[in-house]
Amino acid sequence: MTQTKDFGFGTQIRKSPYFDATVRWGATGFSVYNHMYIPRDFGDPVQNFWNLINDAILCDVAVERQVEITGPDAAKFVQMLTPRDLSKMAVGQCKYILITNAEGGILNDPILLRLAENHYWISLADSDILLWAQGVAVHSGMDVQIREPDVSPLQLQGPKSGEVMRAMFGDSIMDLRYYWLREVELDGIPLIVSRTGWSSELGYELFLQDGSRGDELWEKIMAAGKPFGLKPGHTSSIRRIEGGMLSYHADADINTNPYELGLGRLVNLDIEADFIGKEALRRIKAEGPSRRQIGLVIEGAPLTGPNTTFWPVTQGGNVVGKVTSAIHSPRLEQNIALAMLSADAAQIGAKVEVTTPAGSMQATIVEQPFYDPKKTLAAA
């Protein structure tokens, strides 16, 4: 009996329910995110970008693990984890939240989904919030159960994603509003679908609730999307930087606070709830942040790919910060970047220098997002 060649580095890095399907459909490179493989290469990343903004792409984002919080005190417990006011969050609604530690540092910037009165999912960026939540719960005195359920999301993103959804679920799915969710089935496959995504384009996430049916679900979506030009793809660094979307560990981390990122709207210091980091965030707001995230347009030849290290930013010979995410946008025909600079240096229109592997490059501080600042495409 001949063995088929297996791909991977052992069992400590998990494969998603869509792993084999993505390889079959052309994935050639993977990264690791939340201890799982995530496809990061289906060929040309620039073509992936055009596929996303012109038609639609299907992305395996099962790495967005869910932390499920249930029990009589679920709502109270979730509010303790985040500075965003959740008092008006309805069943069926989604919200972008920050999870902060006692110093006001950001541990994760997930999407929160409220499935029922006492049933929440925290759909994670790349950090171990399951362990954090379980640890916080130990001495909280609250009646909650916290676990990782068998839930694996896909992202269907792009201007034609709505038509693909209509082909699968009928006209009624078109009523689903931006940042709301619905429970549906596709030929008996149990799903939660939401009007969310990590692309700044019109898009949906399909949360599979039975991992054994991942291959089947992938093929059904690709078949439904074929008439609309649907392609397999990966989350686009180009599009998310154009849209000013954060990548955790790059643009934010445990040493970054919401005010540095211009995300004060996600911090509600006046609510009664004593959320973790409240006093620290109150102090940071009063003092003003010492750093600020800004946008940069970097001169010179087009960057050949994203930065893999933090590039120093200097002004007048002094280091004033770092580039956290950089890419060449073929649509804008510019090198664009997100950077974290000292508050004194972060002045719109100011000139700085960026030290890249190819040498020093001139750059100008600009407003960001770089494209569609009101997210009219995503909310369309």
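Visitor: How many of the eight residues in helix α3 (residues 74–81) are buried?
Guide: Helices (H or I, at least four residues) and strands (E, at least two) are DSSP runs, numbered from the N terminus. A residue is buried when its relative accessible area is under 20%, exposed when it is over 50%, and partly exposed in between (1.4 Å probe, protein chains only). In this predicted model, helix α3 is mostly covered, and the number of its residues that are buried is six.

Visitor: What kind of model is this?
Guide: Residues are numbered from 1 along each chain as its sequence is written, and side-chain values use heavy atoms, with hydrogens and water left out. Local features need pLDDT of at least 70, side-chain atom pairs count only at pLDDT 80 or more, and totals for chains, interfaces and linings use all residues, since the model is predicted.

Visitor: Which elements do the buried residues of α3 pack against?
Guide: The buried residues of α3 are A74, F77, V78, Q79, M80 and L81. Packing is judged by contact, that is, heavy atoms within 4.5 Å. By this criterion, the buried residues of α3 pack against β4 (66–70), β6 (99–100), β8 (111–116), β9 (119–123), α4 (129–138) and β10 (145–147).

Visitor: What is the centre to centre value of the aromatic pair formed by F19 and Y37?
Guide: Rings of Phe, Tyr and Trp (its six-membered ring) pair if their centres lie within 6.5 Å; planes under 30 degrees apart count as stacked, over 60 as edge-to-face and the rest as tilted. The structure holds seven aromatic pairs. The pair of F19 and Y37 is tilted, with 50 degrees between the planes, and its centre to centre value is 5.5 Å.

Visitor: Where do F19 and Y37 lie?
Guide: Both residues are buried, and F9, F19, F30 and Y37 form one aromatic cluster. The pair links distant parts of the chain, 18 residues apart: F19 lies in helix α1 (residues 19–24), and Y37 lies in strand β2.

Visitor: Over which ring does the charged end of R331 sit?
Guide: A charge sits over a ring if NZ of Lys or CZ of Arg is within 6 Å of the ring centre and within 35 degrees of the ring normal. The charged end of K322 sits over the ring of F310, 4.3 Å from its centre. The charged end of R331, 3.6 Å from the ring centre, sits over Y371.

Visitor: How many disulfides does a search of the whole structure find?
Guide: A disulfide is a pair of cysteine sulfur atoms within 2.5 Å. The sulfur of C59 has its closest cysteine sulfur in C94, and because 18 Å separates them, they are too far for a bond. C59 is buried at 3% relative accessibility, and C94 is buried at 2%. The number of disulfides found is zero.

Visitor: With which side chains does the side chain of S325 make a polar contact?
Guide: S325 lies in strand β18 (residues 318–329) and is buried, with a relative accessible area of 3%. A polar contact is a pair of N or O atoms within 3.5 Å; within protein, one must be able to donate a hydrogen and the other to accept it, and residues adjacent in sequence count only if both atoms are side-chain atoms. The side chain of S325 makes such contacts at 2.7 Å with that of R240 and at 2.8 Å with that of D251.
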